[in-house]
Amino acid sequence: MHVAFTMRNVPSEAASPIILAEKLTKVYAAGRLQVTAVRGVSLAILPGEFVAIVGPSGSGKSTLFYLLGGLTQATSGRVEIDGIDFASLNDAERTRLRKHRIGFVFQKFNLLPTLSAMGNIEIAYAVSGRKEPLDLKYLDHLSELLSIKGRLDHRPSELSGGEQQRVAIARALITRPAIVLADEPTGNLDTKNSDAVLEMLLKSNRELGQTTLMITHNPEAAAIAGRILYMRDGEIVREEKGNGHASVLPGALPGTIASSSASSTGSQRDAATV
Ligand code: ADP
Ligand code: MG
């Protein structure tokens with residue numbers, strides 16, 4: 001299905017990928033043993049997409065996450081974020097690219113315990129190195145979207161796991177990153193909170209057009225994405241459309257720009273694995 005896109009930042013079919021990985025391999029040396037955690041993975045994530053990578057424990061998902069996020073170096077192969085090859089950067093530049101262009105969400109939330117939710121979001125923004133001041137209107141919009149408006153004064157220990165993860169998502173989104181990378185974002189949550197967090201990730205994709213890559217061992221969680229990549233023994237073995245695919249979207253979520261954003265993610269994905 002090809003549709004005319006009206007929303008800003010929504011790509012055409014020819015849009016260049018936010019993440020481009022080519023033949024990525026990571027070998028860990030564990031004593032005398034070598035473990036090939038990721039073997040020859042190639043993929044592309046296009047602007048506006050919500051992609052899930054799903055696979056059993058030990059299949060190499062977190063290693064792939066670290067490679068794509070520039071948190072570890074590949075043994076071979078390459079990664080480009082928003083057109084920039086990690087390998088072309090020194091350590092400081094790589095850190096800068098990461099802070100500027102990637103919003104990380106982790107299983108264990110990783111909020112700073114002594115700061116309030118607001119403080120956690122503010123510090124992430126400060127660290128991102130943006131020159132313009134924090135857009136409080138945008139923060140307000142995000143807190144509304146993530147249903148944490150009344151919780152911003154609280155410290156992480158005063159928040160439920162689900163609330164903490166929603167704060168962590170706000171922290172990731174506040175810098176308007178090129179991509180949100182989430183590793184098992186629902187891994188520490190009960191079903192109810194897990195559903196809420198998945199819904200928030202989906203909303204940020206549809207309503208903000210946020211390009212998102214979520215890694216999970218849970219096929220039900222992965223199903224909300226527009227495109228699902230199946231990982232096994234370090235390789236992407238299969239690709240499927242998820243429930244977030246355009247064909248099921250119109251009317252699925254109320255809102256103005258939601259459907260145009262959503263349909264954009266639908267028509268591109270067959271071309272998106274290289
Ligand atoms: P997943 O996130 O899918 O559970 P991982 O990427 O964590 O998978 O692990 C993939 C494989 O790599 C596993 O066999 C794991 O034991 C191994 N591995 C992960 N990290 C390291 C490490 N730092 N050193 C050695 N082996 C590792
Ligand atoms: Mg893992």
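Mentor: Let's start with the sheet built from six strands, which is open and runs in the order S6-S7-S8-S3-S9-S10, with mixed pairing. Please keep in mind that this is a predicted model. At the edges of the sheet you will find strand S6 (102-105) and strand S10 (235-241), each pairing on one side only. If you ignore direction, neighbouring strands here are turned by 20° against each other on average.

Strand S9 (residues 227-232) pairs with S10 in the antiparallel sense, over six bridges.

Helix H1 (61-68) packs on it and touches strand S3 (50-54), strand S7 (179-183), strand S8 (212-216) and S9. The direction of H1 makes about 155° with that of S7. Helix H6 (residues 191-208) lies across S3, S7 and S8, and runs at about 160° to S8.

H1 gives the largest share of the shell around ligand 1, three residues. Among the residues that surround ligand 1 are Gly-58, Ser-59, Gly-60, Lys-61, Ser-62 and Thr-63. The shell also includes Tyr-28, Ala-30, Val-35 and Ala-37. Besides H1, the elements that give two or more residues to this shell are strand S1 (19-30) and strand S2 (33-45). Sorted by class, the shell has four nonpolar, seven polar and one charged residues.

S1 and S2 take us to another sheet. This one is open, has four strands in the order S2-S1-S4-S5, and its pairing is antiparallel. Its edge strands are S2 and strand S5 (84-85), each of which pairs on one side only.

Helix H3 (residues 117-127) and helix H5 (residues 161-173) pack at an angle of about 25°, with their axes 8 Å apart. The two helices are therefore roughly parallel to each other. Their contact is made by Ala-117, Asn-120, Ile-121 and Ala-124 of H3 together with Val-167, Ala-170 and Arg-171 of H5. By class, that contact has five nonpolar, one polar and one charged residues. As you turn the model, notice that H3 passes H5 in a right-handed crossing.

Methods: Residues numbered from 1 in each chain as written. Chains lettered and ligands numbered in written order. Predicted model: local features only at pLDDT ≥ 70, side-chain atom pairs only at ≥ 80, totals over all residues. Near = placed C-beta within 6 Å. Nonpolar A, V, L, I, M, F, W, Y, C, P; charged D, E, K, R; others polar. Axes fitted to C-alpha atoms, helices over the stretch in contact; angles between N-to-C directions. Parallel < 35°, antiparallel > 145°, perpendicular 65-115°, else oblique. Left-handed = near helix turned anticlockwise from the far one by under 90°. Contact = placed C-beta atoms within 7 Å. Pairing = 2+ DSSP bridges.
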